[in-house]
Amino acid sequence: MNFPIPEHPSWDIKDSSKLDDYIRCARYYLYHYMLGWSLDMPAHDLVFGDAFHRAREHQLLFGYADIQGAFEAFMLVYRKEFSQETDSIYLPKTPAAVLQALFNFNENYSRDLVENEVVTLDGKKMTEIAGTVPVDEKRVLHYRMDSIMRKCEDQMIFSWDHKTTSGKWIHDTRWDNELFLSIQNGTYTHCLYCMFPIEQILGVEFVKTGFEYLSKGSANRPAGYHATTRRIPAFKSADQMNTWLWTVNVILDDIERDMDRLSHCSDNDQVLMAFRMNPKSCTNYRGCEFHDYCLSWQNPLRRCEEPPLGFITRFWDPSQR
């Protein structure tokens, strides 16, 4: 295909995040993944989440009581990007809050590594595993799983996947419901199906940790940092996994059709007839950073030589992780 914009190798690399964002809005997918545009600001949520995963990996491998070692694993990743002077900017997601969360895991979930064990394959403990998994004869999805665990009592296999958020969202059941049907949930379960007998698989249990900072205390909670953890078992049956697989392949087909449409577009077209907008997603999360450009640019191909002011080019390539 001949495209009206420069091609990039990352276009061919798909993961759950890319599929989720395509569902969210195909025009967002064009801006963020095809053109590679991102806001020119620190990716705090991404770095914080990655660093927290490292801390929890340490606890899974060396025991929940090794809080100091887990905290050092967090800081090794986090301080590469964010200095101590920035901690007050990102309240409540700060190192002090993570330290509180690690204490909570040791105090409230001390039997985790008594009742469960980290699976070992080919001499490697299965934490922070990355790779690809096939979804049809030719296509694969890239993935990165936090862990593969085995229950000691019945030998059933599952994965703990960690999510971080602010305290006000930790009890939001809308997020719980979304996790059950998420592309990510199915991808990780599909990986487990490919590694172990299906009858041995439970699936994915999401571990949500919400961080809060209270400047004033109350009778129930003192001032300072607080971390709340909830576990959401989001196990899928084999029939549900068939639906997931069909859905994933339909999304991949849709992306390929949009790629074909884009190859027939030019900056002379009155409107861009590929990667359509989804006006119902403009206010998702903190609001879409491309909203003003969707409003102003009927054909973005006329303005895509370089990112707008306040944006940089940063392609998302999950294979690098």
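Modeller: Strands here are DSSP runs of E, at least two residues long, and helices are runs of H or I, at least four long; both are numbered from the N terminus. By that count, glutamine 155 lies in the loop between β7 and β8. The model is predicted.

Biologist: Why is glutamine 155 called partly exposed?

Modeller: Its relative accessible area is 37%. Buried means under 20% and exposed means over 50%, so a value in between is partly exposed.

Biologist: And aspartate 122: buried or exposed?

Modeller: Aspartate 122 has a relative accessible area of 84%. The cut-off for exposed is over 50%, so the residue counts as exposed. Aspartate 122 sits in the loop between β3 (120–121) and β4 (124–125). Its phi is also positive, about 50 degrees, and it is not a glycine.

Biologist: Which strands form the open sheet, and in what order?

Modeller: Five strands, in the order β2-β7-β8-β9-β10, with mixed pairing.

Biologist: What makes β2 and β10 edge strands?

Modeller: β2 (116–118) and β10 (224–233) each have a single partner strand, so one side of each has no neighbour in the sheet. On average, neighbouring strands of this sheet are turned by 30 degrees against each other, direction ignored.

Biologist: How do you know that β2 and β7 pair?

Modeller: Pairing takes at least two bridges. β2 and β7 (residues 149–151) have three, in the antiparallel sense. Glutamate 117 stands opposite arginine 150 in β7.

Biologist: What packs on the sheet?

Modeller: Helix α8 (residues 183–195) does, touching β8 (157–166) and β9 (201–214). The direction of α8 makes about 140 degrees with that of β9.

Biologist: Why is the pair of tryptophan 37 and tryptophan 297 called edge-to-face?

Modeller: Two steps. The ring centres are 6.2 Å apart, and the limit for a pair is 6.5 Å.

Biologist: How many aromatic pairs does the structure hold?

Modeller: It holds 25. Ring pairs also link a cluster that includes Phe48, Phe52, Phe71 and Phe211.

Biologist: How do you know that the charge of arginine 56 sits over the ring of phenylalanine 105?

Modeller: The charged end of arginine 56 is 3.8 Å from the ring centre. The limit is 6 Å, and the charge must also lie within 35 degrees of the ring normal. Arginine 56 lies over the face of tyrosine 64 too, at 4.7 Å from that ring centre.

Biologist: Which residues touch the most other members of the largest nonpolar core?

Modeller: Ile5, Met34, Ile148, Leu262 and Phe275, out of 57 residues. α9 gives the largest share, eight residues.

Biologist: What does methionine 34 contact, leaving aside neighbours within four places in sequence?

Modeller: Among its contacts are Ile5, Trp11, Met259, Leu262 and Phe315. A second, separate core has 26 residues, including Ile67 and Leu102.

Biologist: What is the omega of the peptide bond from leucine 91 to proline 92?

Modeller: Omega is near 5 degrees, and the bond is cis. Proline 92 is in the loop between α4 (67–78) and α5 (95–108).

Conventions
Residues are numbered from 1 along each chain as its sequence is written. This is a predicted model: local features need pLDDT of at least 70, side-chain atom pairs count only at pLDDT 80 or more; totals for chains, interfaces and linings use all residues. Side-chain values use heavy atoms; hydrogens and water are left out. Axes are lines fitted to C-alpha atoms, for helices over the stretch in contact, and angles run from 0 to 180 degrees between N-to-C directions. Contact means heavy atoms within 4.5 Å. A nonpolar core is a set of buried Ala, Val, Leu, Ile, Met, Phe, Trp, Tyr and Cys residues joined through side-chain atoms within 4.5 Å. Buried means under 20% relative accessible area, exposed over 50%, partly exposed in between (1.4 Å probe, protein chains only). Rings of Phe, Tyr and Trp (its six-membered ring) pair if their centres lie within 6.5 Å; planes under 30 degrees apart count as stacked, over 60 as edge-to-face and the rest as tilted.
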